[in-house]
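Here is a short report on one protein model.

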Amino acid sequence: MSDAATLDRPSNTRDGIEIAGQAPDLSRVLTPEALAFLAALERRFGPRRRELLAARIARQARFDAGELPDFLPETKNVRDSAWEVAPIPEALKDRRVEITGPVDRKMMINALNSGAKMFMADFEDASSPTFANMIDGQVNMQDYAAGTLSYTDPNSGKCYELGETLATMILRPRGWHMVEAHLQIDGAPISASLFDFGLHIFHNGKALAASGRGPFYYLPKMESHLEARLWNDVFVFAQETLGIETGTIKATVLIETLPAAFEMDEILYELREHAAGLNCGRWDYIFSYIKTLRNHAAYTLPDRAQVGMDRAFLKAYSLLLIKTCHRRRAHAMGGMAAQIPVKNDEAANEAAFARVRADKLREVQAGHDGTWVAHPGLVPVAMDVFDEYMPACNQVRSQQCFPPIGQADLLKPHTGEITEAGVRTNISVGIEYTAAWLNGRGAVPIHNLMEDAATAEISRSQIWQWLNFGAEVIAEDGTARPMSRDWFDAIFADEIAKLEAAYSTKGYASGRYGEAAGVFLATATGEELADFLTLPAYEVLRAAG
């Protein structure tokens with residue numbers, strides 16, 4: 001949180017703009033001029049956003065009816081023709097290790113000082129979208145752009161300041177599916193994407209452009225090139241309105257939905273003036289694979305721990321991303337290493353580091369230009385691997401040959417077992433994470449992994465898939481039995497009892513585990529698989545103030 005602790009609320013509720021929440025430093029962020037800019041964005045682009053969300057629903061209905069995702073025949077000319085994205089600016093040429101995390105002030109400073117080349121400040125999956133968190137994040141962005149970002153811990157008195165060598169900041173706004181309910185434009189909530197992006201570029205765009213530090217963005221959870229076209233139009237409008245040279249904005253797109261994997265060329269093409277690369281957002285991608293193919297029993301996945309990047313649809317997707325990016329002279333970014341250092345257990349700590357090294361070695365040898373880690377302690381591990389195997393600043397101009405990658409490759413499911421232990425892990429981790437999210441924390445260490453919202457999404461969608469198809473599960477006694485609702489309910493009740501015992505009745509209530517369990521259960525066992533757990537969870541978050 002910023003140093004200021006006063007709750008304030010701008011009085012501007014005129015011209016169809018209403019602020020429906022309170023937060024520290026609100027008047028610094030939601031100035032009259034910033035509000036007018038946000039209203040212009042929402043009025044101009046909000047209707048298209050809603051149309052594109054409706055198009056998602058219509059396409060999912062076709063998938064549910066039996067159609068399978070495939071490359072689009074109408075855009076074959078884009079895939080087949082020769083073109084490249086605009087040149088990459090100097091600040092983004094070396095991205096060998098990127099660290100990600102929430103927009104908490106202290107964590108931002110630690111990430112910027114971590115030795116990573118880039119820091120993705122995440123307003124989305126690693127941040128719980130309380131209004132206070134979102135506004136505080138924007139305050140922190142302003143202070144970063146001004147070179148004044150610092151923090152003094154009120155408990156220890158320790159001062160955190162920016163060092164001489166800093167990671168380059170890249171901001172991830174929330175996805176197109178989310179709204180910011182605390183700002184109403186003409187009686188309806190503004191798009192959370194436009195809220196996060198709009199405030200950032202309005203307050204910081206010119207300063208970042210003048211210093212060569214941006215403005216740079218990561219774009220999450222897109223499902224089509226038409227959604228990329230919308231982002232591109234938003235970028236052009238913002239730059240023209242604010243007097244920033246068109247093309248200054250550079251964006252990296254997270255390919256974290258199955259439909260988007262079939263439109264990677266098209267997405268880069270739509271953003272070609274602003275595109276910096278694509279990223280393998282693998283955890284959300286697993287969730288999207290389950291969600292997209294939810295009515296197709298042949299694509300049922302085993303325990304999450306058995307769904308690795310070295311085979312099946314995940315390997316095909318990562319190779320196609322590298323192939324596509326390098327053909328278009330864009331960066332191909334690898335995925336997240338979720339491991340964190342394990343305190344007081346040297347063997348477990350070394351095992352975690354070994355898994356990170358193996359994962360990063362696979363990525364750099366496959367052709368990725370950089371990778372992600374979730375903890376500053378993992379930056380040197382990943383950096384050592386990329387320094388050894390990628391001496392240049394990137395591999396964008398490599399002449400590596402790739403096998404043909406078609407529809408069947410991108411859909412090939414992982415094989416393996418579904419176990420009762422996997423069911424229990426999905427329940428406990430899903431509830432633990434959701435409870436933390438409802439308490440305002442979006443990046444949470446659980447079982448020595450740094451988890452974000454994708455964790456809960458995978459957990460509850462796997463439960464839904466296994467229940468929906470009565471999947472065979474290996475019980476703890478070694479026998480195989482179909483996943484039934486009665487058996488699941490018994491396991492669920494047992495896991496709840498463990499949480500109650502671990503936290504006490506009082507701690508269970510104050511930790512909001514009951515509310516989290518309700519959200520998880522509703523989204524894991526509903527008649528239809530809910531599109532996002534975070535949508536009903538956001539309503540719970542808002543109701544609590």
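## Salt bridges

The model is predicted. The count of salt bridges comes to 46.

Two of them share K221. E124 forms a salt bridge with K221, with the closest N and O atoms 3.0 Å apart. E124 lies in the loop between β5 and α5 (131–146), and K221 in the loop between β11 (216–219) and α7 (225–242), so the pair ties together parts that are 97 residues apart in sequence. Both E124 and K221 are buried. K221 also meets D125 in a salt bridge, at 2.9 Å from N to O. D125 sits in the loop between β5 and α5, so its pairing with K221 ties together parts that are 96 residues apart in sequence. D125 is buried, with a relative accessible area of 5%. K221 is buried too, with a relative accessible area of 5%. A network of salt bridges links D122, E124, D125, R172, K221, E256 and D284.

K93 and E90 give another pair. Their side chains meet in a salt bridge at 3.4 Å, N to O. K93 counts as partly exposed, at 32% relative accessibility. E90 counts as exposed, at 62%.

How many of the 5 residues of strand β5 (residues 118–122) are buried? The count is 5 of 5, so β5 is largely enclosed by the rest of the structure. In a regular strand the side chains alternate between the two faces of the sheet. In β5, M118, M120 and D122 point one way, F119 and A121 the other, and all are buried.

Strand β4 (residues 97–101) pairs with β5 in the parallel sense over 4 bridges. T100 stands opposite M120 of β5. Between these strands the chain crosses through helix α4 (residues 105–112), and this β-α-β crossover is right-handed. Strand β8 (residues 168–172) also runs parallel to β5, joined by 5 bridges. Here M120 stands opposite I170.

## The three-stranded sheet

An open sheet is formed by 3 strands in the order β2-β9-β10, with antiparallel pairing. At its edges stand β2 (17–19) and β10 (188–191), each with a single partner strand, so one side of each is left without a neighbour in the sheet. The twist averages 55° from one strand to the next.

β2 pairs with strand β9 (residues 179–185) in the antiparallel sense over 3 bridges. I17 has I185 as its bridge partner in β9. Helix α6 (residues 192–211) packs on this sheet and touches β9 and β10. The direction of α6 makes about 55° with that of β10.

## Cysteines

A disulfide is a covalent bond between the sulfur atoms of two cysteines. A search of the whole structure finds 0 disulfides. C280 is in none, and its nearest cysteine sulfur, that of C325, is 8.3 Å away. C280 is buried, with a relative accessible area of 2%. C393 is in no disulfide either; its nearest cysteine sulfur is that of C325, 15 Å away. C393 is partly exposed, with a relative accessible area of 33%.

## T324 in helix α11

T324 lies in helix α11 (residues 312–327). Is T324 buried or exposed? T324 is buried, with a relative accessible area of 5%. Leaving aside its neighbours within four places in sequence, T324 is in contact with M264, D265 and L268.

Technical notes. Residues numbered from 1 in each chain as written. Predicted model: local features only at pLDDT ≥ 70, side-chain atom pairs only at ≥ 80, totals over all residues. Heavy atoms only, no water. Helix = DSSP H or I, 4+ residues; strand = E, 2+ residues; numbered from the N terminus. Buried < 20%, exposed > 50% of the residue type's maximum accessible area, 1.4 Å probe, protein only. Contact = heavy atoms within 4.5 Å. Pairing = 2+ DSSP bridges. Axes fitted to C-alpha atoms, helices over the stretch in contact; angles between N-to-C directions. Right-handed = clockwise from strand over helix to strand, strands pointing away. Disulfide = S-S within 2.5 Å. Salt bridge = Lys/Arg side-chain N within 4 Å of Asp/Glu carboxyl O.
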